Amino acid sequence: MDFLIATHNLKKRDELQRILSPLGVHVLTADEAGVDLSDVEETGTTFLENALLKARAGCKEGAMPCIADDSGLCVDALDGAPGVYSARFAGEHGNDEKNNEKLLGLLRDVPDEKRTARFVSAVACVFPDGRECTVEGVCEGVVGRSARGAGGFGYDPLFYVGGRSFAELTAAQKDAISHRGNALRKLAAALPAYLDANERK
């Protein structure tokens, strides 16, 4: 069964596909589905609110089930920032380099033991008949003092778990522990109740 994903981020698409493919779910970007997806203004105050905004809009515009996630980094020393503003923390949406530079600058004088943080992912799936499924996943870690690794995206080079950054992990290693991996496994467990036998063929 085809599902639209409300993002143009191919790395997010790949993560969803790896975890949902055992259910017979095929994840498509808007370009792949031939859908003109509008940029939804993320006015929510929580990750879940923003995920639902994007999934509802994508489902309506694509006339097919739509999955959207909203995720970000919450740093304890910054009172939970950047949070829902993670992608535009430095003012320009999606500029990973500037976002990481700003984060390191703000944490320059924060000691190692107080650099705790967590990645949070909220995933919403909305069906054309109005049904909605929502899940959340979390991964605890720390913000390192320098970027390491060539993989991943966003804050991955700065987010360390067990002494390694997300950007140093293979896709399978990251899927096993990441916030999005945790959320998507919950989604994979919940989706069969929303899919009848015909839809899964």
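At which residues does UniProt place the feature "binding site"? The unreviewed entry places the feature at E41 and D70. The two residues are spread over 30 residues of sequence, yet cluster in space, with a largest C-alpha distance of 12.2 Å. UniProt annotations may be inferred rather than shown by experiment. The model is predicted: local features need pLDDT of at least 70, side-chain atom pairs count only at pLDDT 80 or more, and totals for chains, interfaces and linings use all residues. Residues are numbered from 1 along each chain as its sequence is written, and side-chain values use heavy atoms, with hydrogens and water left out.

E41 lies in the loop between α2 (30-33) and α3 (47-62). Helices are DSSP runs of H or I, at least four residues, and strands are runs of E, at least two. E41 is exposed, at 63% relative accessible area. Exposed means over 50%, buried under 20% (1.4 Å probe, protein chains only).

D70 is found in strand β3 (residues 66-75). D70 is buried, with a relative accessible area of 5%. Its contacts (heavy atoms within 4.5 Å) include E42, T46, F47 and V120, not counting residues up to four places away in sequence. The D70 side chain makes a polar contact with the side chain of K54 at 3.2 Å. Such a contact is a pair of N or O atoms within 3.5 Å, one able to donate a hydrogen and the other to accept it; residues adjacent in sequence count only if both atoms are side-chain atoms.

In helix α4 (residues 96-106), N99, N100 and L103 are buried. The buried residues of α4 fall within an arc of 95° seen down the axis, so they line one face of the helix. The arc is that of the directions from the helix axis to the C-beta atoms. What covers these buried residues includes β3 and β5 (132-143).
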